[in-house]
Amino acid sequence: MSEERFDAIVVGAGPAGSVAAYCMAKAGLEVLLIERGSTPGEKSMTGGRLYGHSLHKIIPNFWEEAPVERKVTRETVTFMTGETAVSLDVKSEKWNETPSFTVLRSEFDAWLASKAEEAGAMLAAGVKVDELILENGKVVGVRCDEDEMFANVVIAADGVNSLLAQKAGIRGEILPKHVATGAKEVIELPREVIEDRFNLSEDTGAAQLFVGECTRGLQGGGFIYTNKNTVSLGLVITAEEFAHTEHRIIDLIEEFKMHPAIQPLIEGGKVVEYSGHLVPEGGLSMMPPLVNDGLLIVGDAAGFVLNTGYMVRGMDLAIASGEAAANAVIAAKAQEDYSKQGLASYQTDLENSFVLRDLKTYAKAPSFMENKRIFGHYPFFVEEMMVNLFKVNRTPAKPIMKETWTTIKRYGGLVQLAKDAWKGVSAL
Amino acid sequence: MKKLSIEERLGTTKFIVDEGVPHIVLDKSICATCKGKPCVKACPAGLYQVQGDSVSFDFAGCLECGTCRVVCLPKGLKWEYPRGTFGVEFRYG
């Protein structure tokens, strides 16, 4: 390698970028990892949960050394209206084989980038990449202010906004229906209080998703993840929704905190950080070309996020894509072919792995979620059914079937319900 | 636990403001023609506020999410990340 040319430049030290840099450096490649924050992690934000399987493959039992918060053993999905919350609550030890963890990204990303450095990657933090350098249509490096840096391959791990690919004309504008805006508060509470309130033992955690009143029926939902001595609470709302509503996300998140089902969980807590982020949710329909001459696109920049309504995944896909990109660069170096053809194994690896397979499996989920009835209608339907089921007063009771039938009729009838249920089942 | 104003919430977050070098610049004449003004409702930092026909905006306090960039269909703003080392610094993330 000549002094001024790297095998690879990775832009962005999030999970996808740091894993790509780690894997390439471990294989002996000369790697430059560039991060615009003063330290890795400083610009990163998540709701917060990492499904561990893909990082476990690269760094076995990473959770023994990584700064993860709690291992999730409790999953809750809740339909909420103004006064009612109806939940599906699952507590199990059976996820232990492939555990998931709540995480805070500032510390976690700093750790992962340090692994890449230990493996031999060079980290340039506090440096913003302004644009890709192209020669004859091939990416050959990056420009940062006055400086130019060159490499055989650039890996764009620059996050959901993915300005690099857009500026280079490789991808178009992001559509508002393909992304969701997230707002989050990190709320500090004593460890034991969190464990008592969420029914947890030491180091185990809860992941809770909410649909309905928390977004006032707008497409999206709420979340709570328990960390060691903080709770991450927030909302995610499809960006397109803000064109047709008077609700502001900054108000909705505070109202969510005040809900009678949420308030007791965070009472006495102190907000220690407020953050916001954009989540790519368009799946395959927003995916840019992943392989280009001298350029691979990974993680959020490639749109690798899955939101099925009961589960949100991004970091596990990002990590697997970083590994696949690294392998493609390693293979390209062996052949000394960094063209689109030389790097093509990135695409085929992803197609054969869970990354693109799962995105294909759930490809209908984003359009299913556009169904207004899910967010505005069914939470009330569920409320009425459940409240009536448990209600006791002096009015003589009706048989359950009769009561249920009345509710179903009021919410559009059995045919509509069956249609939506079928769409849901076939999309998920 | 009570509701917090957006100012109180942003007060918990660390920012290194690049004084005098805004990374988002509005063309307020375009904002004045925009009916829905989705930025006002969507910005998780509440930095956009309706001001007459147009909007007012302050880049200090920006969480760098990119929502305004995406929802602004009339292209009334120029959006870049802040210069390296400037902007928001998440201590939790």
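Let's start where the two chains meet: 33 residues of chain B are in contact with 48 residues of chain A. Here "in contact" means that the C-beta atoms of two residues, placed from the backbone, lie within 7 Å. On chain B's side, the elements giving two or more residues are helix 1 (6-10), helix 3 (38-42), helix 4 (67-71) and strand 6 (87-89). Helix 4 of chain B gives the most, with four residues. (Helices are DSSP runs of H or I with at least four residues, strands are runs of E with at least two, and both are numbered from the N terminus.) Sort chain B's touching residues by type and you get 16 nonpolar, nine polar and eight charged. For that sorting, Ala, Val, Leu, Ile, Met, Phe, Trp, Tyr, Cys and Pro count as nonpolar, Asp, Glu, Lys and Arg as charged, and the others, Gly among them, as polar.

Before going on, a word about what you're looking at. This is a predicted model, where local features need pLDDT of at least 70 and side-chain atom pairs count only at pLDDT 80 or more, while totals for chains, interfaces and linings use all residues. Residues are numbered from 1 along each chain as its sequence is written, with chains lettered from A and ligands numbered from 1 in the order in which they are written.

Now pick out A:Lys43, in the loop between strand 2 (31-35) and strand 3 (49-51) of chain A. Leaving aside neighbours within four places in sequence, A:Lys43 is in contact with A:Arg36 and A:Gly37 in chain A, and with B:Glu64, B:Val88 and B:Phe90 in chain B. A:Lys43 counts as buried because it has 27 C-beta neighbours inside 10 Å. The rule is that a residue is buried if 20 or more other C-beta atoms lie within 10 Å of its own, exposed if 12 or fewer, and partly exposed in between, with C-beta atoms placed from the backbone.

A compact globule of 428 residues would have a radius of gyration near 22 Å, and chain A agrees with its 23 Å. (That radius is taken over C-alpha atoms, and the globule rule is 2.2 Å times the number of residues to the power 0.38.) Of the contacts in chain A with a separation of 6 or more, 73% are between residues 24 or more positions apart.

What about the inside? In soluble globular proteins, nonpolar side chains tend to be buried together. The largest nonpolar core here has 153 residues, and A:Ala20, A:Ile155, A:Leu296 and A:Val298 touch the most other members. Such a core is a set of buried Ala, Val, Leu, Ile, Met, Phe, Trp, Tyr and Cys residues joined through C-beta atoms within 7 Å. Helix 8 (residues 315-335) of chain A supplies the largest share of this core, eleven residues. Not counting residues up to four places away in sequence, A:Ala20 touches residues including A:Ile155, A:Val298 and A:Gly322.

Strand 12 (residues 204-212) of chain A is largely enclosed by the rest of the structure, because eight of its nine residues are buried. It runs parallel to strand 4 (residues 71-80) of chain A, joined by nine bridges, with A:Val72 standing opposite A:Gly205. Strand 12 also pairs with strand 13 (residues 220-226) of chain A, in the antiparallel sense over four bridges; there A:Leu209 has A:Phe223 as its bridge partner. (Two strands pair if DSSP finds at least two bridges between them.)

For a contrast, look at helix 15 (residues 413-427) of chain A. The number of buried residues among its 15 is zero, so it lies largely in the open.

Finally, chain B has four helices and six strands, following the pattern α-β-β-α-α-β-β-α-β-β along the sequence. Buried residues make up 45% of its 93 residues, and its C-alpha atoms fill a box of roughly 40 × 35 × 20 Å along the principal axes.
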